[in-house]
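Visitor: Hi, could you walk me through this one?
Guide: Happy to, here it is.

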Amino acid sequence: MGMSVTISAATEQDAEQIFRLQYLCFQSEAALYGNYRIDPLVESLDSVRQEVAQNCVFVARLGEEVVGAVRGRITEDGAASIGMLCVHPRLQGHGIGARLLRAAESALAEERGATRFRLHTGHRSEGNLRLCRRVGYRQVGTAQGADGIPMVVLEKPADTYAATA
């Protein structure tokens, strides 16, 4: 019988696995844009550790292995910024990303008072855009990432997370 994937808050001990998983998962994004200096690939392990300690970080586990992760924090305008959503390539397409989003949204709304959720993804990242739209996000603008990648900015009201994820 196979193991099931569980979602839980990340701990300090998860930082290194999150760091490695992020590096693996964002290779395809880097290839899509021809830019291997995108933020997820150049972030340091210390930065990941700091995120886990200070912000809302959830992981998906298959046994002891971290196979997915997402991060969120409240911004100055009361929105929850959600990012670095990644699922191991061998497990993509099984709803783990949506489950991670739901966990982050729930915690950010209920525990940290988010009024809306905001995330961004590369303009060519069709799979990411499909997932975001499927769980209720709508495009509200565009931006350019610090790494030079054109981004699509998406949002949804915080009171819709339970019904859409």
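**A chat about the model**

Visitor: Which residues does valine 70 touch, leaving out those up to four places away in sequence?
Guide: Valine 70 touches Cys56, Val57, Phe58, Ile82, Gly83, Met84, Leu85, Leu100 and Ala104, not counting residues up to four places away in sequence. Contact here means heavy atoms within 4.5 Å.

Visitor: What kind of model is this?
Guide: This is a predicted model, where local features need pLDDT of at least 70 and side-chain atom pairs count only at pLDDT 80 or more, while totals for chains, interfaces and linings use all residues. Residues are numbered from 1 along each chain as its sequence is written, and side-chain values use heavy atoms, with hydrogens and water left out.

Visitor: Back to valine 70: where does it lie, and is it buried or exposed?
Guide: Valine 70 lies in strand 3; helices (H or I, at least four residues) and strands (E, at least two) are DSSP runs, numbered from the N terminus. Valine 70 is buried, because its relative accessible area is 0%. Buried means under 20% relative accessible area, exposed over 50%, and partly exposed in between (1.4 Å probe, protein chains only).

Visitor: Which residues have the most contacts inside the largest nonpolar core?
Guide: Those are Phe58, Ile82, Leu108, Phe117 and Tyr137, in a core of 31 residues. A nonpolar core is a set of buried Ala, Val, Leu, Ile, Met, Phe, Trp, Tyr and Cys residues joined through side-chain atoms within 4.5 Å.

Visitor: And which element gives the largest share?
Guide: Helix 5, with nine residues of this core. There is also a second, separate core of 19 residues, which includes Ala15, Ile38, Leu41 and Met151.

Visitor: Changing topic, where is asparagine 35?
Guide: Asparagine 35 sits in the loop between helix 2 (27-33) and helix 3 (39-42). It counts as buried because its relative accessibility is 16%.

Visitor: What does its side chain reach?
Guide: The side chain of asparagine 35 reaches the backbone nitrogen of arginine 37 at 2.8 Å. Asparagine 35 also touches Ala30, Asp147 and Ile149, not counting residues up to four places away in sequence.

Visitor: How many salt bridges are there?
Guide: The count comes to 10 salt bridges, each being a side-chain nitrogen of Lys or Arg within 4 Å of a carboxyl oxygen of Asp or Glu. One of them joins arginine 20 to glutamate 16, with the closest N and O atoms 2.5 Å apart. Both lie in helix 1 (residues 15-25), four residues apart, about one turn of the helix.

Visitor: Which pair links strand 7 and strand 5?
Guide: Glutamate 155 and arginine 118 form a salt bridge, the closest N and O atoms being 2.7 Å apart. That pair links distant parts of the chain, with glutamate 155 in strand 7 and arginine 118 in strand 5, 37 residues apart. Glutamate 155 is buried, with a relative accessible area of 17%. Asp77, Arg116, Arg118 and Glu155 are linked in a network of salt bridges.

Definitions and conventions. Polar contact = N/O pair within 3.5 Å; in protein donor to acceptor, adjacent residues only side chain to side chain.
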